[in-house]
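Subject: Structure handover

Hello,

Here is the structure for you to look at. My notes follow below it.

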Amino acid sequence: MADCLFCKIIAGEIPSAKVYEDELCYAFNDIAPQAPTHFLVIPKAHIPSVAGIDGSNSAVVAHIFEVIAKLTKEQGIASYRVVSNIGEQAGQSVPHLHFHVLAGRDMTWPPG
Ligand code: 5GP
Ligand code: ZN
């Protein structure tokens, strides 16, 4: 999608610190890390948020969770949090589906 920040990152038009890439998804370090490990995993297809997932595009979500399990194992991360914010009130600032992967510090519950 032309005006989407994360589509531009996938296309290489905006630089990013790549963690992983395959034909379906892209993972990169968050520019403003909220934990010692904080990367984002995004589908290459533009989906605005979890609210845009349906039967036509949900396979990529299973794939992304496989990738998250693989990357965290490879990095020796046993405990981590996966977060996806949906909409303004929940704190979504980029309207391209993304899963935050946070690790390396104690986390609180409930989240703020
Ligand atoms: P959200 O607020 O939508 O849940 O998450 C968006 C995330 O994208 C934020 O954690 C923010 O720091 C990150 N972000 C915003 N712009 C950029 C960028 O240009 N590069 C990278 N690597 N991360 C970004
Ligand atoms: Zn996009």
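Which protein donors hold the zinc ion (ligand 2), and how far from it do they lie? They are Cys4 (SG), Cys7 (SG), His46 (ND1) and His96 (ND1), at 2.1 to 2.3 Å. Donors here are N, O and S atoms within 2.8 Å of the metal (3.2 Å for Na, K and Ca); water is not among the atoms, so sites may look incomplete.

Two notes on conventions. This is a predicted model: local features need pLDDT of at least 70, side-chain atom pairs count only at pLDDT 80 or more, and totals for chains, interfaces and linings use all residues. Residues are numbered from 1 along each chain as its sequence is written, chains are lettered from A and ligands numbered from 1 in the order in which they are written, and side-chain values use heavy atoms, with hydrogens and water left out.

Zinc site

The four donor atoms subtend angles of 103 to 116 degrees, so the arrangement is tetrahedral (four donors, all angles between 85 and 135 degrees). Along the chain the spacing is C-x2-C-x38-H-x49-H. Cys7 lies in helix 1 (residues 5-10), and His46 in the loop between strand 3 (37-43) and helix 2 (59-74), so the pair ties together parts 39 residues apart in sequence. Helices (H or I, at least four residues) and strands (E, at least two) are DSSP runs, numbered from the N terminus. Cys7 is buried at 13% relative accessibility; His46 is partly exposed at 26%. Buried means under 20% relative accessible area, exposed over 50%, partly exposed in between (1.4 Å probe, protein chains only).

Strand 3

Seven of its seven residues are buried, so strand 3 is largely enclosed by the rest of the structure. Thr37, Phe39, Val41 and Pro43 are on one side; His38, Leu40 and Ile42 are on the other. Strand 3 pairs antiparallel with strand 2 (residues 25-29) over five bridges. Five bridges also join strand 3 to strand 5 (residues 99-103), again antiparallel. Pairing takes at least two DSSP bridges between two strands.

Salt bridges

The whole structure has four. The criterion is a side-chain nitrogen of Lys or Arg within 4 Å of a carboxyl oxygen of Asp or Glu. Lys18, Glu21 and Lys44 form a network. Glu21 meets Lys18 at 2.9 Å and Lys44 at 2.8 Å. Lys44, in the loop between strand 3 and helix 2, and Glu21, in strand 1 (residues 18-21), are 23 residues apart. Lys70 and Glu74 also pair, at 3.0 Å. Both lie in helix 2, four residues apart.

Best wishes

Methods
Tetrahedral: all angles 85-135°; square planar, octahedral: opposite > 155°, others 65-115°.
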